[in-house]
Amino acid sequence: MDLGENVNTPTTRLLTLLNVSALKSRKRTRDEDSPAPEKLNKRKTVKLVEDVTLDPGPSMLCDRTNNGTDDEVLGGNEENDDVDPQDITSAYEQHYGPNTELVSDASRSSVDQRHWTSSREKVGKLTTVFSLRNEDNTPPSKKLAKKTAISDRLRGPFQARQSKQSSDQKQIQDNLLSILSAHLDLYNPALSLEDHRSVRDVVALHALDHVTKKRRRVLKNNERLAHAKAASVSPPEDVQDQGFTRPSVLVLLPFRSSALAWLDALTTHTPSPAYQIENHSRFLSEYALPPDAVDKLAVAEPGTYPRDHVETFKGNVDDNFRLGIKLTRKSVKLFADFYGCDIIFASPLGLRMSIEKEKSADFLSSIEILVIDQMNALTMQNWEHVQYVLSNMNNLPKDSHDADFSRIKPWYLDGHSAYLRQSILLSPFEMPELRALFNTTLKNAAGKVRVEKIWPAIQVPESIDQMFVPFDCANPKDEPEKRFAYFTTQLLPKVLKSAVQSANTVIFIPSSFDFIRVHNHFRKQSSLSFTVLSEYSTNQDISRARETFFSGKKAFLLVSERFHFYRRYKIRGIRNLIFYGPPEHPQFFSEFLSFPFLDDGVEASDVMSKVIYSKYDKFRLERIVGTKGVKALVEGLL
C-alpha cells in the first residue's frame, strides 16, 4: 500500500473489517480442533452461532448477521397471503434491493452536488414541494405509490381503525402513505396537534411494514440456502439481503412519554392475540409515571394550561433513554439488545451517551428509516445532540459483529447506504435548523418531499400598539452581531429615555446565546434595574423575579424562550414588550401580548410591543403575521 494513501477510506476500512472477521473465524476453528478446558462462565451463544454457520440445515433458518433466535425460525412458515409474486420488482426491492440503480455514480454525484429539480405538487389535500435529481425524469405523480403496498397482516387492523376516523384524517393518512411507500424523504413542518396521532400511526405502520419485508426476504433466502445444502447443489448467489447490523429503524424522540406514545402507535398494528408484547410491564414502569404520581397537566381542567404544553409535557419527561425493540412473527420484544433489535426508540441525549460510553456507533451503521418527531422540542433541548447522532449514522462499522459478509448488500459494503436511507422529519412548524437539515444533510437518491402550509395571521388582543422594527443584515453569519448592535445602540437607548417604556418592560429573547449576551450587557449597566427568568432559574428564583417585577422593584424582566417553553408561567405587571426576535413558537407571541390584561384596569392603549427582525426571521414572522403579511415585512430587506 502506498504510504501516502488515506487509511480512512471506505475500502481500507472495509478490508480491515474483513481481515478481522477472518482472523476471528480462524481462531474459532483452531479452538475447535484443540478444545481448551471449558470455563464455568462460557457463553453458550457463541457455540450456537457457530452451529448455524457451519451447518445451516433446515432446522436452523436464522443467520448470524440478524442474531436470529428460535422464535424467528417459526417465521419460516409465515403466511404467504401477503407475499407479492413480483416481489423482486416491488417498490421495496427497487429501493433497498442489492442491485438498486439509485446508488450509481451519476445518482450519487447529483445528490452530492445538490442538483435537484423542485416542483410544487398537490398530493390529495397536501401542498408539497418535490425535489428530485435532475436526471430523474419521472413525474412526481408517478413516484407515488398508487396502491399502498402494505402487507395484508398489517393492513387489516389499520383499515379497521381508519373506518372510525374522519374523512379528512383518513385522506391525510392515505396521502402520507403514498409518499412513504415510495421511499421518498418526508419533511412535514406543518403537523398540527389534531393530526399528530394519526400521522404517528401511519409512520409506525410504514416502519413495521419495512421490517416485515426485510425479515421476510431474509427468511426466504435462508430457506433457499437450506434447500440447496440439502440437495447438495451450489448455493444461490443472489442472497444479499442484510446490512452490517440488524437495527434498521431509528426513531428520535424528546421524552420518555413520547416513546410511550410511539409504542402505543406501534402496537395498534400488532394487536393480540396475533402478537404478544414482552416486557410491557417493565416498559410501563420505566416510561410512564409511577402509579401514585399525580400528573397536574393531565388532570387539570381544560384551559388551565395551553393545549400544546399539556400534549408536550404530560407524563414522563425524562430526556435520557434508549430502547431496542425486536419483532418476530408473533411477538414484540421490548428492551432487546441494540445489536439484536429491529427498531430503536431513543432521545438524542441517550443515544449520544451510549455511543460515547461504548466508543462505538456500529448499531447505527445499517439504519434504513430515520424518524425524528417533535423536532421543535428537540431544538429546545440541545440540537447539537441531534447533529451528533446523524453524523454517526450509516458509517462503516468498526467491528464485524459476526456479520456474514456474503449476505450483506453491495451498497453497504461500498459505503453508500446514506443515499438510500429514508428520513421522516415531523414538526409543527418550520425552523432554519430543520430546513438546513432537509436541504443539506439528507441524501436519499429517490428524492424528497416537503409539506407546505399557508399560515394565517395569529390572533392578538385588538388595538395594541405593535411595531415591527427591521434591521439590515446581508450575511446570516453576521446576524447575531448586527442584532445585538442594533438593540444596544439604537433601540435600548430610546427605551431608556422614555419614562413609560423604561418600566414594566419584558424583553423576550428566543436564542439562548443571545439571552446570555443581553444578560451580560445588562449586568454591566449599573443603572439598569432588572431580573431574569431562564431555563436554569430555580423555583425560588422564579418566585422572586415575578414578585419583584410585578411590584415594580425591577423595571426590566429578561425572559428566554426556553424558560417559557418549559415553564409556561403567566407574568403579571407587563406594560411594554420588546421581542429581541420573533418567537419560534407563534403562540408565545399572543400569550405575552395577553399577559398585561391579567391586571385590572389595563387598556389596550396602555400596552406597547416592539419586535426586532431581519430578513432571516422570515419563518418565525410568517407564523405571526401570516404568509401574506410576511411579504410586506421582508420585501424591503431582500
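Predicted model: local features only at pLDDT ≥ 70, side-chain atom pairs only at ≥ 80, totals over all residues.
Colleague: At roughly what angle do the axes of α14 and α16 cross?
Modeller: The axes of α14 (residues 348-358) and α16 (residues 383-391) cross at roughly 50 degrees and come within 9 Å; axes here are lines fitted to C-alpha atoms, for helices over the stretch in contact, and angles run from 0 to 180 degrees between N-to-C directions. The helices (H or I, at least four residues) and strands (E, at least two) are DSSP runs, numbered from the N terminus.

Colleague: And which residues of α14 and α16 meet there?
Modeller: On the α14 side they are P348, L349, L351, R352, I355 and E356, and these meet E384, H385, V386, Y388 and V389 of α16, where contact means heavy atoms within 4.5 Å.

Colleague: Moving to α9, what is the handedness of the crossing of α9 and α10?
Modeller: For α9 (residues 193-230) and α10 (residues 256-268), the axes come within 8 Å and cross at roughly 60 degrees, and this crossing is right-handed. The contact involves R200, D201, V203, A204 and L208 from α9, together with A261, W262, A265, L266 and T268 from α10.

Colleague: How far apart are the axes of α8 and α9?
Modeller: The α8 and α9 axes are 10 Å apart, and the two helices pack at an angle of about 35 degrees. The crossing of α8 and α9 is right-handed. From α8 the contact draws on Q169, I172, Q173, L176, L177 and L180, and from α9 it draws on E194, D195, S198, V199, D201, V202, V203, L205 and H206.

Colleague: Which residues of α8 are buried?
Modeller: They are I172, Q173, N175, L176, L177, S178, I179 and L180, taking buried as under 20% relative accessible area, exposed as over 50% and partly exposed as in between (1.4 Å probe, protein chains only).

Colleague: What percentage of the protein chain counts as buried?
Modeller: Of its 638 residues, 51% count as buried, and the chain has 24 helices and 17 strands. Among contacts with a separation of 6 or more, 77% come from residues 24 or more positions apart.

Colleague: S502 next, where is its place?
Modeller: S502 is in the loop between α19 (479-497) and β13 (505-509), and its 19% relative accessibility makes it buried. Not counting residues up to four places away in sequence, S502 touches V495, L496, A555 and F556.

Colleague: How far is P432 from Y616, going by C-alpha atoms?
Modeller: Although P432 and Y616 are 184 residues apart along the chain, their C-alpha atoms are separated by 8.8 Å. P432 is found in helix α18 (residues 432-441) and counts as partly exposed at 39% relative accessibility. Leaving aside neighbours within four places in sequence, P432 is in contact with E584 and F619.

Colleague: Last topic, backbone geometry: is the peptide bond from S272 to P273 cis or trans?
Modeller: The bond from S272 to P273 is cis, with omega near 5 degrees, and P273 lies in the loop between α10 and β5 (276-278). Most peptide bonds are trans, and most residues other than glycine have a negative phi.

Colleague: What is phi for F335 and for D402?
Modeller: F335, which is not a glycine, has a positive phi of about 65 degrees and lies in the loop between β7 (331-334) and β8 (343-346). D402, also a residue other than glycine, has a positive phi near 60 degrees; D402 is found in the loop between α16 and α17 (410-413) and is partly exposed, with a relative accessible area of 32%.

Methods:
Residues numbered from 1 in each chain as written. Heavy atoms only, no water. Left-handed = near helix turned anticlockwise from the far one by under 90°.
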